[in-house]
Each structure stands twice: as C-alpha cells, then as structure tokens.
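I opened this notebook to record what I looked up in one structure. The entries run from whole chains to single residues.

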Amino acid sequence: MMQTRTTGTTGRREVSEQSSTSAEARRRALRARRLRRGWVALGLVVPAAVAYAAFVLRPLVLTVQYSFYDWNGVTESTWVGAENYRRLVDNPEMLGSIGNALELIVYFSFVPVLLGLLTAATIRKFATSRLALVSRTVLFLPQVIPLVAAGIMWTWLLASDGLVNELLRGIGLDALTRAWLGDTSTALPAVGVIGAWVALGLCMLLLLAGMAKIDPSLYEAARIDGAGAVREFFAITLPSVRQEIGVCVTVTVISALAAFDIVYISTQGGPANSTLVPGLEIYYLGFFSREVGQASALAVVFMALVLAVVLPIQRLTRESDR
Amino acid sequence: MSRTTGRSRRAVATASVCLAGLITVTACSAPGASTTDDGTADAVATGDMTCGTEDVTLSAYVETGFPLAQELFDEFTVQHPNVTFDVREDQFAVITQNAPRVLADNPPDLMRLPQVSELAADGLLYDLDAAAEAFGWDEWPASQLEQMRVDEDGRRGSGPLYAMGLNFSMTGVFYNKELAAQIGMTGAPETLAELDDALAKAKAAGITPIAQFNGGATGGLAFPLQGLMASYGEPAEINSWTYQQPGATIDTPTTVEAAAHLQRWIEAGYFADDVNSLDYSMMMSRFIDGESLFIFNGDWESGNLDTQMPGNVGFFLVPPVEQGGEVGAMSAPLTYGISARAEHPECAAYFLDWVATDETARTISVEVGGSHPMGPADAFLPEVADDTVTAQTLAAGATIGEDDGAMEFIANATGAIYAKSWTPNLQKLVAGEIDAAGLLAAVQADYESEIGG
C-alpha cells in the first residue's frame, strides 16, 4: 500500500515546483511514520479493547436491552418498552434508594476529603519524622482492609453492647447509646461513618502527595510576610492541591453512589429500607424478585445519575488546571 | 499536538461506535428465549426408581452450616457403595438467588430449594409424581407433601409434587429454664395471657425477655407474628394466602389482632433494644450465653441446643388465647428437589425415599436434624431422652399434627415477599413508623402487586 502511494506521488512531483515538492514529500513521510506508529499502537491496544468490549461494553449494551423486557432471567421474555422506566418513577422505594445514595455522598466524600485535608496539612509539618510515618500508616490502613471485613468489624463496634456504646457509657453519655445500625434514624449515618473511615486513608495520602510538590519557598515567603498556619493553608496549600482534591472527590463520590459491599454487610438495606441504596436495590430486584428487566432499568438510570454527578466534577477540575 | 489529539479522539470515537454497533447486532435477540426450549427433562426416564448397580455420582447442592445432608449422604454411601456424592455448599440466601440459573445451567441431582412455586412454574424441577406413586408417598399424611405441590398456575397446595423434605421442621418458643426459674415460671405458658405475664416479669427482673433477630434482610419477627396469627385465627386461612389461592388476604380481623399483640410486645420493650440490627447468629449466641429468656425459633436448633445448653432449654408452641384452645405452628419440610435436567433423577428420588424410610436415616434426621422425619405417622422413631429439648419439639410436632395446625411460613408466599415486604415492614413496626393494621395492609398490597404482575 505504501509502495503505490509513493509511486503516485512521484508522477505528480515531475510537474510541481522543486520547493513545494520537497515540503510535500516531508509531509507524506511524516504521515507514513504516523501511520506505522498507529498500527503499532493499535496492536498494543487491541487485547485490552477486546477485554473491555467483552466485559464492560457488552454487559452495558445488554443491560440497556434487558431494561426494555419483562424477564425473570430464565424463561422467555416479553417486550414491554419503557414500562420498566415508568415503574421506577412510580416506586417511592426506588426513588428513596437514590436519595439515600445522594445522602451517602456527604459521609463517603465530603467528610473524608475535609478530614484528609486537615490530617495531611498537619502531617506535612513534621513530614520527615517517624511520627508522620506512623500516622500515615495508621490512617491508610483502612484502605487495605477488605470492605467486607471493615463492615463486619464496624457492626460489632456499633452494636448495642459494642465498643462505641461502651465508650459513651464510660463517659456518662448513657442517654446517647443506641443500636446505631438498628435505628431507622441513625442507620444511614452509621453506614456513612464506616465509609468515611475507609476513604479517609486514600484522600489523606493523595493530598499529602500533592502537598509534597509545593515549593517550600512559597511557605517561606508567606512566613516572611507574616502569615500564620491558617493563612498559609488557605493561601498556598489549598489552591495547590486543587487537582488532588478533584481526584479525591471523584473517587469517593463514585464509591458513595455505587456503595454496595459496606451496606450489604452492615445492614442489608434495613432497618425498614433506611439504608437501601440503588446498588442493593438492583441486586434485590435481579436476584430475589427475579425482575431482571426492572433491575436493568434501575441500573441504566443509576448509571446516568452517576455520570451526571461525576462529569461536572471532572470538568471543574480540568478547567482549574488551565 | 492538538491536531493529533483531535484525530486520535475521532479514531477512538469511530472505533467505539463500530464496536457498540457490533455488540448491538449480536445482542438483538430477546433474552431468555433459548433456555425455555429445553427446560424440560433431558434425562431418559426408565421408570426404575433405584440407583442400579453401576457406579453413580449424584451431584448435590446443599445449605452450608447444616450437617444433616452430609451425614445422610455418608450413610447412604455406606449402604449403597456404588453411589457417591459430589457436594457443593452455599448459604441459603446464595442458593435462593442462584436457584433458577443453577437448575437450568448446571443441573444438580439433589438441591436444597427455596420457595418452589416459581421454579416449578418455570419448568425447572423434576416432577416427582411417578416416584410418589412408586414409593407409596401418596399414603403418607397429605399435609406433609401439600406445600411442595404446585399446580399449573404456579399455586401451591395441589398439583404435581416438585420437591421432597429431608424432614419437616416446626417453630415455637425456646426458653432458658434457669432464667425462667428466676421469675417463677415453672412450666410452659398455657395461654397467651400467661406468656404475657412471663414476659412482663422477665422485663421487671432486668432480663431481656426475647432476643429475636430482625436485622438486615431477615425479618425474624415474622416468627412470633405467625405464631400469634395461629393463636387468634385459623391456620387454613393463612395457608391459603401463602399458597396464593384466589382472593386470599393476609389482612383479616384476626391477623390484625395478632399483629396488634406483637406491637404491644414491642412497645412494652420485650424485645432486645437492638432487635432491628440483630442477626440470626447473634440471637443464637445471646440465647446460648443466657442473655435472654425466650427466642422464637425452629426445631432445627434442638440438637444444637441440647449440646450447648444440656438440660437447660424448654420448648413450647405459641399458646392459644383460651386455655385448651387449638394451636398452630409454622411447619415446613426441609425441601430438596431434583433439577428437571438432572442426570440421575431416579436415583435421587430413591435417595429421598430412603431418607424417609430407612431406620438409620430416620435416626440421623432426628439426632442431627432435630426435626421429625417424613413418612407415615406410625413409622419408626429413635428413642430420645426425656429431658432433652429434642423430645419436647418432637412432642410438640405430634400436637400440631393432632390439631391440624401446620402452616407454611408466611415469608414463602412469593419469592421476594420476605426480603422486600415482611422484613422492611416489620422493621417499621419496631421503629414505630407503622401500626399493626398498616403492616398487614402494606404486605397485602405488595403481595397483590407481585402475584398480579
């Protein structure tokens, strides 16, 4: 193919001017090189693309397809059009689960990002000491514990005779003790605490890495100008780690919206649906109610919701880079 | 640079569109159509309901944590050396959600089954009518097999037999004898008023009256509720609802009375304060540790409690409103079925008959399973020591038989009614967000929407 192209250009070169011919030849050579590079790149990308197509795109397309059928997962299905989507709007339980997921963003995202900023800014001050290493390790530890184990551990801690209530009793706050995960008013915040505990380590580490990149002379200059620790934080630290904050917020918001394991282990959506989240509702619909179509419709709506929440965050961070 | 990025973006976009198009084209046929064609029996029935003499490996999918099935398998292999078992174990919740796919794609010869009506209606289960006739199961008390019969509309209670019990279990109230003695309770309460009295005394003495699981997706308050329903009303009415008989309702004056009684227990603080986050294993460990007077549970724990708290556990059925009144209890076979596409359905059926008729098997059913074996009323039963709770649960089973008070668990009315309706609504009852009448109205509405659609 390359051969024919070269021959073709040679024929035209005879009738063109010397300078423009050499420029065109250079352009063509460049294009040929790009094309070659393109083939190599394609060869490298194909295996991953095939896996991605088989395990991500195909299920995605199938989910959209299933959402238009009434299907129990085994026997013949019936085309129902947009009926499954219409039923989502009518069902207060499913809307409630989306509301719960949005509320979880506060606990899974805002709390760990704020606490992460606070701890990272504190650790940064004594970054080279052994204490910093210990605190980093301790705070990051929840990140390496499997979510299921974290969930089980916290159900013990939050039980009515668990450590949290024992501590409250110990300091004379008996009136506050309760079955945190068994009370409809506290179950969702209690699940939120578990999520915040897990996410804190990652946020702290990311933000600490971001802070390490800040030029120390900036701080020196600020100090000469008479800035205190608070002023330093808002004038230098915070603006410098905006990009890292963006990453933290994106990751934790997705984990809040897609929460399944922590909720499944600690409350299974109960009591009285107070911690029901879309991930769990999709699972119940698909496997217990055996309404695969309805479950798929909720999954599609939910994916759209996640994109609607996450894309603006992405855009904000990208613009702040420029 | 920006030109290159723009072009590669275009390339990626084009590739994605092509790929998506390709996937869409390949995925356009309606889901599930292919499975139904061969949903019926693949195995060639020979009519010979035995395991033959050649080597046979039965594949079994059973519930983990309950040693009964494995003990029976081992004994069967001892008696029939040509038969071995290939056993896969999972938790009941996992089996429930996997059941249709496993029965269709990876058909086991024996499988612990959840609610059978939908599976039978979908043609996934082997019809055991021929086996019932061959083995004479038809001559057993009809109530034993009724729950596993499904008619062509997917209603239970009549029609072909689609599953069989390894034994049949029953629920009631276990009590800690030492704690009972502390509050002056010397024997089982004979009326609801006496039970109320014992609960009040326990509460006053600082003992948690009832540790009952009601957390997560498992509403354990359905146990006391159904017991109370049997005290106030007729088991037959409740069964017709569970079996999805036309026009049946769970929202009747007597069931509302029963739910109101449960609500009074909740309001009086008779359940542990964290009842809505308590799971089954936490309930058992609290009871075994002597932290509560009562639990509402089933005789499948009899053997376990005899081992863990020997001589210290009593059992009674939820008492009637008036002394000497009839009693009822949740009583259901430990259902096992055979996939419609199983490789050795006849050998599996033979095994199920052996479980009900062989003396050693019946002994294992009682001693390991803690429940009454299936079979004729006058069949062999092993000797059980009088001071054990197993002896009491077996005796209670006989009472239920006399009063014709066996009921299928209300949580098994439909596939999702337990996790999606009873559980959240019972948790709302505990939280004070709903009252007795509201609870039953809500469950009835969910039931109608589920079986209607």
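The entries below take up the conventions, each chain, the interface and then selected residues.

**Entry 1. Conventions.** I worked on a predicted model, in which local features need pLDDT of at least 70, side-chain atom pairs count only at pLDDT 80 or more, and totals for chains, interfaces and linings use all residues. Residues are numbered from 1 along each chain as its sequence is written, chains are lettered from A and ligands numbered from 1 in the order in which they are written, and side-chain values use heavy atoms, with hydrogens and water left out.

**Entry 2. Chain A.** I counted 14 helices and two strands in chain A. Here helices (H or I, at least four residues) and strands (E, at least two) are DSSP runs numbered from the N terminus. I then looked up the radius of gyration of chain A: it is 28 Å, well over the 20 Å that the globule rule gives for 322 residues, so chain A is more spread out than a compact globule. The radius is taken over C-alpha atoms, and the rule is 2.2 Å times the number of residues to the power 0.38. Along the principal axes, the C-alpha atoms of chain A fill a box of roughly 95 × 75 × 30 Å.

I noted that 39% of the 322 residues of chain A are buried; buried means under 20% relative accessible area, exposed over 50%, and partly exposed in between (1.4 Å probe, protein chains only). The accessible surface of chain A is about 17800 Å², with 66% of it belonging to carbon and sulfur atoms. Such areas come from the Shrake-Rupley method with a 1.4 Å probe, and for residues only the protein chains shown count as cover. Of the contacts in chain A between residues at least 6 apart in sequence, 66% join residues at least 24 apart, a contact being heavy atoms within 4.5 Å.

For charges, I found the mean positions of the 28 positive and 23 negative ones in chain A to be 16 Å apart. Lys and Arg count as positive and Asp and Glu as negative, while His and the chain ends are not counted; each charge is placed at NZ of Lys, CZ of Arg, CG of Asp or CD of Glu.

**Entry 3. Chain B.** I counted 19 helices and 11 strands in chain B. The C-alpha trace of chain B spans about 85 × 70 × 45 Å along its principal axes. Buried residues account for 53% of the 453 in chain B, and the chain exposes about 18300 Å², 51% of it supplied by carbon and sulfur atoms. Among contacts in chain B between residues at least 6 apart in sequence, 76% join residues at least 24 apart. The mean positions of the 19 positive and 65 negative charges of chain B lie 19 Å apart.

I also inspected helix α10 of chain B (residues 222-232), where 11 of its 11 residues are buried. Among them are Phe223(B), Leu225(B), Met229(B) and Tyr232(B).

**Entry 4. Interface.** How many residues does each chain bring to the contact? Chain A gives 38 residues and chain B gives 40 residues. The two chains bury about 3200 Å² between them, 58% of it on carbon and sulfur atoms; buried area is the accessible area (1.4 Å probe) that two parts lose on being put together, summed over both. In chain A, Val74(A), Phe288(A) and Arg290(A) lose the most area to chain B, together 19% of what that side buries.

Entry 5. I placed Glu232(A) in helix α10 of chain A (residues 229-240). Glu232(A) is buried, at 6% relative accessible area. Beyond its neighbours within four places in sequence, its contacts include Arg124(A) and Arg223(A).

Arg136(A) is in helix α5 (residues 130-144) and is partly exposed, at 25%. Outside four places in sequence, Arg136(A) is in contact with residues including Ile123(A), Met204(A) and Leu208(A).

**Entry 6. The loop between α12 and α13 of chain A.** I found a cis peptide bond from Gly270(A) to Pro271(A), with omega near -15 degrees. Pro271(A) is in the loop between α12 (261-266) and α13 (278-288). Gln268(A), in that loop too, has a positive phi of about 55 degrees although it is not a glycine. Ala272(A), likewise in the loop, has a positive phi of about 50 degrees and is not a glycine. Gln268(A) is partly exposed at 23% relative accessibility, whereas Ala272(A) is buried at 8%.
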